[in-house]
Amino acid sequence: LRAFGKENYSGLICHRAVNGLDSPCPWCPMTKMVDGRFHEHEFYSPIDRKWFDLTAHAMDWHGRAAVALYRQDITPEKEGQNRAEFDKRSLETIVNHLPVGVAACEVRDGQVISAVLNAPLKELLGMDEKDFALPSNGIVSRVNPLDRALVFRSIGAIRDGEEPVSF
């Protein structure tokens, strides 16, 4: 509890002692507990300006009903996740505004597992992401015959670590 800046919390109400609030914290797990347990994967504390993972467990504390709260600062992970989501949205915006057909695919064992196609490629191929990822449509059929040698040589070089991938 010293992390909250006080030595003695005796007789203080939680929301006042920990966060200096006059009413319960909006993220307080006490009212959300089910069967003596609650877990909130993440919440943002505007007071701390940090993201936390919060778990609460009902317990017996020397004969008195109590709740143990565990919170872990996940700010670095959450900020990284937010940056990745922003980068993904930015890339999607760029790719969707290119005047040429572009697709990004996840391939396993020679099969397209998932795909993202921009509008020009959807129009050119006459298919959407689901159709593009169907097992019956081999990878080779998605590449123009004139480009196949270059595309597969490049993919092999990336796979074998001969050519770096950067974003």
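Q: Which residues does K78 touch, not counting residues up to four places away in sequence?
A: This is a predicted model, in which local features need pLDDT of at least 70 and side-chain atom pairs count only at pLDDT 80 or more, while totals for chains, interfaces and linings use all residues. Numbering starts from 1 along each chain as its sequence is written, and side-chain values use heavy atoms, with hydrogens and water left out. K78 is found in helix α2 (residues 75-96); helices (H or I, at least four residues) and strands (E, at least two) are DSSP runs, numbered from the N terminus. If contact means heavy atoms within 4.5 Å, and residues up to four places away in sequence are not counted, K78 touches E42 and W51.

Q: Is K78 buried or exposed?
A: Buried means under 20% relative accessible area, exposed over 50%, and partly exposed in between (1.4 Å probe, protein chains only). K78 has a relative accessible area of 10%, so this lysine counts as buried.

Q: Which residues make up the largest nonpolar core?
A: A nonpolar core is a set of buried Ala, Val, Leu, Ile, Met, Phe, Trp, Tyr and Cys residues joined through side-chain atoms within 4.5 Å. W27 touches, among others, F43 and L54, not counting residues up to four places away in sequence. The largest such core has five residues in all: C25, W27, F43, F52 and L54.

Q: What is the bridge partner of H39 in β2?
A: β1 and β2 run antiparallel and are joined by seven bridges. Four residues separate these strands in a hairpin, and R49 in the turn has a positive phi of about 60°. In β2, the bridge partner of H39 is T55.

Q: What is the phi of H62, about?
A: Most residues other than glycine have a negative phi. H62 lies in the loop between β2 (50-61) and β3 (64-73), in the turn of a hairpin with two residues between the strands. At 71% relative accessibility, H62 counts as exposed. Although H62 is not a glycine, its phi is positive, about 50°.

Q: What relative accessible area does D35 have?
A: D35 is placed in the loop between α1 (14-19) and β1 (37-45). This residue has a positive phi of about 55° although it is not a glycine. D35 is exposed, with a relative accessible area of 79%.

Q: Which residues form a nonpolar patch on the surface with about 230 Å² of accessible area together?
A: Patches are made of residues with over 30% relative accessible area and no salt bridge, with like charges joined within 9 Å and nonpolar side chains (Val, Leu, Ile, Met, Phe, Trp, Tyr) within 5 Å; a salt bridge is a side-chain nitrogen of Lys or Arg within 4 Å of a carboxyl oxygen of Asp or Glu. Accessible areas come from the Shrake-Rupley method with a 1.4 Å probe, and for residues only the protein chains shown count as cover. M30, in the loop between α1 and β1, is partly exposed at 41%. The residues of this patch are M30, V67 and L69.

Q: What pattern does the chain follow along the sequence?
A: The chain contains five helices and five strands. Read along the sequence, the pattern is α-β-β-β-α-β-β-α-α-α.

Methods:
Two strands pair if DSSP finds at least two bridges between them.
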